[in-house]
Amino acid sequence: MAEVKVFPLCCVVQSYAWGKVGQDSEVARLLLGGDPQALIEETTPYAELWMGAHPKGDALIKDNRISQRTLGQWIADFPGCLGSKVKDTFHGQLPFLFKVLSVNTALSIQAHPNRELAARLHAQFPEHYPDNNHKPEMAIALTQFEGLCGFRPMDEILGFLKNVPEFRALVGNEAAEELQSADGDPGRTSLALKKCFTRMMNCEKKLFVDQLNMLVKRISEEEAAGKDTSGSNGELLLRLHSQYPGDIGCFSIYFLNRIVLQPGEAMFLGANEPHAYLSGDCVECMACSDNTVRAGLTPKYIDVDTLCEMLNYSPAPVSAKIFPCIRDNADPCVYLYDPPVPDFTVMRIQIPASARQYTVSALDSAGILLVIDGEAVATSAAALSDITLTPGSVLFISANESVSLEVTSSSGMTMFRACCLL
């Protein structure tokens, strides 16, 4: 069956406590749209839909006429489907994992190591860092999507140190004054910021719990009195504390940018970039790795020392953290999200309502196509038969194969395609 190079996938749904429950979840909507017989459990947190060949969530080929096997097994049997450059560069492995995430509660203060640090952590602590690969990520909003990303501009951090005495108590006057006196010098600022963040993250537990309780009490009383609590980032602080009471990660909001992405906007999370997902739905693409260094807002393993040592301590505004997409000159329906890593590129394909025919172009890379909205019938010389596409449908497209769509929905289509453009 080597001639079959385009086929639908049955992907893996992951249920984590932080996910959205029932049909509030975009993951659940897509699961239901792709399979009308699917039953959505109203108490189940549908957190992630995995589309790829990851060993912890390998997609199953959906066409019964192909012998039952996973995508990973298929790629192992036919590595040429990846494309020659991808096959050679990534040793016959699909280099990315494509996901949909539906986030209801905060998803850990974390960062991902570069390859050098990943190899060292894996060698020292393989139970916590199970591979030696880096893990850059791209998150593209499907609904309004909220997260923390990178260190805030200096004036914002200094403002919180002035207006939030409980926060300053954890950082300490010495470190806070050192940060203030850095006076815009990038090197001094970075060192002082590292000192402040490290002091906070390593402070005695009783101290930060007492200060957090005082802060929560003060903000709650101010809100009850109708006062403006934005100077203390009050709404977010109370929300995170309700999700993770007594967690040092609640104070991270005074260091890290709060970013709110609108549908179609993206953020790229490269090595050593501190971040957390807070709420909303997104498409995510990442290098194939499980290496995450966490330090708060999570029940998982915490490695504060590694996180504090590895981070990029460069202040930047929210606007600098929104990753731009570029309209493809060759196809006005395609918007490219092309990060500065070789492992993946994501395309948003927006077919207008006026279009009845569309061709998903051939690339020198295997790709995974996800339908978000709209319906079509897909045909390809490399497929066993025509394939009906609805919201939630997922296609694997081998390198150098195109797919023709006859669009049947009156409102056009929205799709995302993950690939590797070397």
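Me: Which residues of helix 9 are buried?
Reply: Phe208, Gln211, Leu212, Leu215, Val216, Ile219 and Glu222 are buried in helix 9. They take up an arc of only 140° around the axis, so they sit on the same side of helix 9. The arc is formed by the directions from the helix axis to the C-beta atoms. Buried means under 20% relative accessible area, exposed means over 50%, and partly exposed lies in between (1.4 Å probe, protein chains only). Lys206, Lys217 and Ala224 are exposed on the other side of helix 9.

Me: What kind of model is this?
Reply: This is a predicted model, in which local features need pLDDT of at least 70, side-chain atom pairs count only at pLDDT 80 or more, and totals for chains, interfaces and linings use all residues. Residues are numbered from 1 along each chain as its sequence is written, and side-chain values use heavy atoms, with hydrogens and water left out.

Me: What covers the buried residues of helix 9?
Reply: The cover includes helix 6 (165–171) and helix 10 (234–243). Just after helix 9, Gly226 has a positive phi of about 80°.

Me: How do you know that the span of helix 9 agrees with its 20 residues?
Reply: The rule is 1.5 Å times one less than the number of residues. For residues 205–224 that gives 28 Å, and the end C-alpha atoms are 28 Å apart, so the two agree.

Me: What counts as a helix or a strand, and how many does the protein have?
Reply: Both are DSSP runs, numbered from the N terminus: helices are H or I with at least four residues, strands are E with at least two. The protein has eleven helices and 24 strands.

Me: Why does strand 18 stand at an edge of the sheet?
Reply: The sheet is open, its four strands run in the order 18-23-20-21, and the pairing is antiparallel. Strand 18 (357–360) and strand 21 (387–389) each have a single partner strand, so one side of each has no neighbour in the sheet. From one strand to the next, the twist averages 30°. Axes here are lines fitted to C-alpha atoms, for helices over the stretch in contact, and angles run from 0 to 180 degrees between N-to-C directions.

Me: How do you know that strand 18 and strand 23 pair?
Reply: Pairing needs at least two bridges found by DSSP between two strands. Strand 18 and strand 23 (residues 403–407) have four bridges, in the antiparallel sense. Tyr358 has Leu405 of strand 23 as its bridge partner.

Me: What makes Asp183 exposed?
Reply: The relative accessible area of Asp183 is 69%, so Asp183 is exposed. Asp183 is in the loop between helix 7 (173–180) and helix 8 (186–201). Asp183 is not a glycine, yet has a positive phi of about 55°.

Me: Is Asn272 buried or exposed?
Reply: Asn272 has a relative accessible area of 17%, which means buried. Asn272 lies in the loop between strand 12 (266–269) and strand 13 (275–287).

Methods. Contact = heavy atoms within 4.5 Å.
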